[in-house]
Amino acid sequence: MADPQPARYDARQRIAPTFHDAVPGFQAGTDTPRAYLERCLETIAARESVVRAWVVLNEAGAREAADASTARWRAGHPLSAIDGMPIGIKDLIATRDMPTQMGCAAYRGHFPKHDAAMIQALRAAGAVILGKTVTTELGMSEPGPTTNPFHPGHTPGGSSSGSAAAVGAGMVPAAIGTQVGGSIIRPASYCGNVALKPTQGAINRGERQGLSQATAGVHANAAQDMWQVAIEIARRVGGDPGMPGLFGPATPPAAARPARLAVLQAEGWAMLDDAARGAFAEILAQLRAAGVEILERGDHPWIEAFERSIADARAMTNEICAFENLSTIRSLLAQSPEGVSERLRRRHAVGEGMDLERYRLRLLQREEARRHMAALAPLADALIAPASPAPPPPGRGRARPAAPSAPDRRHRLQRRDLGAGRAGGDGAAGQRPRPAHGHPAHRPAAHGCPHHGARPLAAGDAAAGHGLRRQPGPGPGWGLSAAPAGRPWPRCARPSAAHGSGPCARPSWW
């Protein structure tokens with residue numbers, strides 16, 4: 001049985017369960033998706049009382065799905081590369097067999113009984129939807145009960161706290177999160193995940209279209225699993241309405257060396273503690289030693305222009321979201337005033353204090369920032385930045401914002417030997433050693449093409465009668481790659497305001 005005691009995070013020794021390297025066992029008949037699921041459930045049983053990552057688990061439904069997957073693998077006809085993968089779903093996303101209570105007392109017992117688009121896609125790919133993971137209130141306010149899987153007295157980050165903690169604790173190989181400001185990147189950093197926050201609209205959010213800056217993404221213990229989950233969703237249901245969806249191959253490509261990276265500071269830079277600054281500086285030194293050119297803020301006026309355009313990105317994002325949430329929160333306050341926290345009321349007051357012209361101004365500022373970012377395309381293959389300003393602070397309360405604080409398009413990176421030319425992990429089957437560089441919060445994020453947010457990453461109450469179990473509570477390394485070996489850079493064909501009516505000249509990363 002898994003050790004119920006959390007191990008202090010050591011990036012050089014951290015071993016976490018993955019799925020892609022368990023697949024050969026399924027093919028050979030030496031392992032099965034049902035056995036894999038049982039190992040996950042064993043870890044949950046051992047650690048959930050402390051980590052508290054889950055709102056509800058559907059163990060009976062998961063076992064049924066895993067058995068069906070086992071039969072497909074035995075017959076040689078899996079539905080996809082993630083057939084049988086146990087996955088956690090952030091409790092903002094509707095599932096037909098579990099409540100969707102959104103970390104909010106006003107939604108306690110809410111049970112839509114339908115699957116959001118991305119859940120439909122995951123089921124069609126054979127994934128095992130194991131349970132709903134804890135979110136902060138409506139994904140933005142009061143934190144839930146989840147603790148950091150390595151330091152129980154510290155925050156896991158939010159708002160995708162349960163998804164990040166479940167992955168970090170080894171309960172599942174992957175989980176779905178969402179982000180507006182830093183809700184995937186920050187908890188992934190705090191919990192030692194690899195995670196993808198793709199370009200806005202790249203993964204279909206289903207009915208969760210209320211916020212113009214919200215994005216769905218994937219937490220995982222390996223880049224391969226992270227990418228595979230994302231692309232399996234996009235291939236089946238595309239992106240948000242009117243968006244082209246996530247671009248990329250059916251499987252993760254081999255790693256390749258970037259030629260040039262640009263450092264992004266943003267307003268989070270001033271929040272970095274000494275350890276984070278030192279770790280990030282070491283990463284940049286390692287990249288330079290590997291032959292990667294590094295551009296700093298003062299090296300080019302276009303970088304400086306972009307930095308200035310996102311100097312108040314946090315306030316800009318908060319105001320945009322507060323205004324866009326006005327009708328939703330007004331309805332909640334009218335229907336269930338006791339179910340809305342004081343923190344959410346304060347956020348709502350920001351929106352009530354705005355008028356349409358202020359909202360329009362913030363939208364113009366966001367679009368200007370995006371244009372400045374797109375203008376960096378000729379300068380570097382990607383932007384690199386710390387994913388969070390420091391290790392997770394004590395308590396479960398609100399943590400400091402993710403360091404980049406730029407609108408959209410943030411990525412977590414996985415440490416890899418830039419000369420290795422591969423994206424695979426180095427661990428035994430079903431496991432991957434963690435990168436050797438301090439606390440997970442000291443790993444950088446990178447930004448890709450403005451039109452493609454993904455690139456290879458290398459170098460509650462349960463409804464009676466549904467078999468659900470209610471859970472307690474309410475509810476630095478690096479690694480980058482370029483184009484796959486033997487293939488030229490594809491180009492983004494999407495028109496952009498930064499490029500007039502013609503196509504973007506930015507490589508799509510694939």
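Asp240 is buried, with a relative accessible area of 4%; buried here means under 20% relative accessible area, exposed means over 50%, and partly exposed lies in between, using a 1.4 Å probe and protein chains only. Its partner is Arg205, and the two form a salt bridge with their closest N and O atoms 2.7 Å apart. The pair links distant parts of the chain, since Arg205 sits in the loop between β6 (194–197) and β7 (215–220), Asp240 sits in the loop between α7 (223–237) and β8 (260–263), and 35 residues separate them. Arg205 also counts as buried, at 8% relative accessibility. A salt bridge here is a side-chain nitrogen of Lys or Arg within 4 Å of a carboxyl oxygen of Asp or Glu. The helices (H or I, at least four residues) and strands (E, at least two) are DSSP runs, numbered from the N terminus.

Before going further, a word on how to read the model. It is a predicted one, so local features need pLDDT of at least 70 and side-chain atom pairs count only at pLDDT 80 or more, while totals for chains, interfaces and linings use all residues. Residues are numbered from 1 along each chain as its sequence is written, and side-chain values use heavy atoms, with hydrogens and water left out.

Back to the charged side chains. The count of salt bridges comes to 23. One of them joins Asp83 and Arg72, whose closest N and O atoms are 2.8 Å apart. Here too the pair links distant parts of the chain: Asp83 is in the loop between α3 (59–75) and β3 (86–90), Arg72 is in helix α3, and they are 11 residues apart.

Another salt bridge brings together the side chains of Arg362 and Glu319, at 3.2 Å from N to O. Arg362 belongs to helix α13 (residues 356–374) and Glu319 to helix α10 (residues 313–324), so this pair links distant parts of the chain, 43 residues apart. Both Arg362 and Glu319 are buried. Elsewhere, Arg34, Glu38, Glu59, Arg63 and Asp67 are linked in a network of salt bridges.Now turn to helix α12 (residues 342–352), where Leu344, His348 and Gly351 are buried. They cover an arc of only 45° around the axis, which puts them on the same side of α12; the arc is that of the directions from the helix axis to the C-beta atoms. The face turned away from this buried side carries the exposed residues Glu342 and Arg346. Among the elements that cover the buried residues of α12 are α10 and α11 (326–335), with contact meaning heavy atoms within 4.5 Å.

Helix α5 (residues 161–168) gives another picture: 8 of its 8 residues are buried, so the helix is largely enclosed by the rest of the structure. Among these buried residues are Ser161, Ala164 and Val167. After α5 comes Gly170, with a positive phi near 80°.

Pro173 lies in the loop between α5 and β5 (174–179) and is buried at 0% relative accessibility. Although Pro173 and Ala16 are 157 residues apart in sequence, their C-alpha atoms are 8.0 Å apart in space. Leaving aside neighbours within four places in sequence, Pro173 has contacts that include Phe19, Tyr36, Met85, Val167 and His219.

Two of those contacts, Phe19 and Tyr36, lead on to the aromatic side chains. Phe19, Phe26, Tyr36 and Trp73 form one aromatic cluster. The whole structure holds 6 aromatic pairs, where rings of Phe, Tyr and Trp (its six-membered ring) pair if their centres lie within 6.5 Å, and planes under 30 degrees apart count as stacked, over 60 as edge-to-face and the rest as tilted. The rings of Phe26 and Trp73 have centres 5.6 Å apart and planes at 55°, so this pair is tilted. Phe26 lies in helix α1 (residues 23–28) and Trp73 in helix α3, so the pair ties together parts that are 47 residues apart in sequence. Both Phe26 and Trp73 are buried.

A ring can also have a charge over it, as with Lys113, which lies over the face of Phe111 at 5.4 Å from the ring centre. The rule asks for NZ of Lys or CZ of Arg within 6 Å of the ring centre and within 35 degrees of the ring normal.

Finally, the cysteines. A search of the whole structure finds 0 disulfides, a disulfide being a pair of cysteine sulfur atoms within 2.5 Å. Cys191 is buried, with a relative accessible area of 0%, and Cys321 counts as buried at 8% relative accessibility.
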